[in-house]
Amino acid sequence: MVTIESKRITPPKRLLYGPGPSAVDPRAYEAMSQPVVGIRDPYLLDLLSEIQSGLRNAFGTRNEATFPIPGGGGAGMEAAVSSFVLPGSKFAIFAAGLFADRMTVVAQRQRATVARFEKPWGEVFSAEEAEEFIQRQQPDVVGFVQAETSTGAYQSGRAITAAARKVNALVIADCVTSLGAMPVELDSVGIDVAYSCSQKGLSCPAGLSPVSISPRAYQWLQSRPEPPYTWYLDLALISKYFEPAHVYHHTPSPPLYYAMHQGLAAIEEEGLQNRWARHQQTNKQLLAGLERLGFQPLVKNPDHRIWHLTTVIPPAHVDEASLRQKLLERHNIEIASGLGQLSGKILRIGTMGPLATEESVDFLLESLADCM
Ligand SMILES: Cc1ncc(COP(=O)(O)O)c(C=O)c1O
């Protein structure tokens, strides 16, 4: 008799204390096993409109054009830059980390002229610096990273948007790591175009990139002189699915929508400010514990630190790679190394969503001490 081997899978249950993917909210997991429906099913469209309002809450905006696009944070970046940066136009980027460097390359591939203001990784930009750079460059579009995941530095963007307004430049912000865990506040900061991801502050799996476009940027998009090179990531085309006619552009993934709906519902139920406060509190607790173990924060100014992603330089006797390996083997814990020029030099530790609690931080600190 032939026996058919079971192909069921049992992935390990890791504790995701990295910079993302982060721990998935249990209700998002559960939602993903619900039935798949069609792309214009009234159920899905109702759910979508709730997702859009949940995203507006998390983004801190009234922007009508707020919706999830397929792909991760990289898709959001490519969609935002290619939709708003014209070939031959001037794009000014504030660069102090790997993701600002990536935005640079994406803009160069759009054949824009890119002006970079570089600072050492881990630093942020002052209002005076932003003003001087933007006045000198007179850009059409300005880009910055609100929470630079490669360094752990946070910059609300207020210093940048004020200067950009004076030269009538649109501002694109990378909110991949900030959304859902610390202030994004698009409207009060004055950001025109923002993109994010699902797998960090929203406690969902990767696969969707929330995007938000201000009315003035949306108007610009509608009158863009020529379409962008990209078709799939053309935000003017994608946006039509999220408008009343629901014009087909791509096939969305209902399970990912279900997960995002639940991730956003969890945020609304907790209250956005409470959620921020929880992440801020656990950051303080984690950093204090890490300093006791001999780690040093990479971002020197406490006001410039991402609350849910702590970046630290290990003590001289600790090898970061073997520490990470021991954590995974002994405690099922994933934390991350540095990227780019910080590779092998720092550790990046995320305390996001379900793991941003006092007990989770205590557990992580005990596990780290055990592995050092
Ligand atoms: C600030 C920032 N921008 C963009 C990205 C790219 O996102 P993804 O890996 O989901 O494509 C990341 C990923 O970590 C990020 O942290």
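**View 1. Thirteen residues make up the ligand shell.** In this predicted model, 13 residues surround the ligand. The closest are Gly72, Gly73, Gly74, Thr149 and Val176. Helix α3, residues 73–84, gives the most to this shell, with 3 residues. By class, the shell has 6 nonpolar and 6 polar residues, plus 1 charged residue.

**View 2. The protein is divided into two domains, domain 1 and domain 2.** Domain 1 covers 26–267. Domain 2 covers 272–371. Taken over C-alpha atoms, their centres are separated by 26 Å. The contact takes 21 residues from domain 1 and 22 residues from domain 2. On the side of domain 1 that touches domain 2, α2 (42–59) and β7 (153–154) each supply at least two residues. The residues of that side divide into 11 nonpolar, 9 polar and 1 charged.

**View 3. Helix α12 packs with helix α13.** Two packed helices are described by the angle between their axes and the distance between the axes. Here α12 spans residues 320–331 and α13 spans residues 358–371. The angle is about 115°. The axes lie 9 Å apart. The crossing of α12 and α13 is right-handed.

**View 4. Residues of α12 and α13 make the helix contact.** From α12 come Leu323, Lys326, Leu327, Arg330 and His331. From α13 come Ser367, Asp370 and Cys371. By class, the contact of α12 with α13 has 3 nonpolar, 2 polar and 3 charged residues.

Definitions and conventions: Residues are numbered from 1 along each chain as its sequence is written. This is a predicted model: local features need pLDDT of at least 70, side-chain atom pairs count only at pLDDT 80 or more; totals for chains, interfaces and linings use all residues. A residue is near a molecule or strand if its C-beta atom, placed from the backbone, lies within 6 Å of it. Helices (H or I, at least four residues) and strands (E, at least two) are DSSP runs, numbered from the N terminus. Ala, Val, Leu, Ile, Met, Phe, Trp, Tyr, Cys and Pro count as nonpolar, Asp, Glu, Lys and Arg as charged, and the others, Gly among them, as polar. Axes are lines fitted to C-alpha atoms, for helices over the stretch in contact, and angles run from 0 to 180 degrees between N-to-C directions. A crossing is left-handed if the near helix is turned anticlockwise from the far one by less than a right angle, and right-handed if clockwise. Two residues are in contact if their C-beta atoms, placed from the backbone, lie within 7 Å. Domain bounds come from an automatic or database domain assignment.
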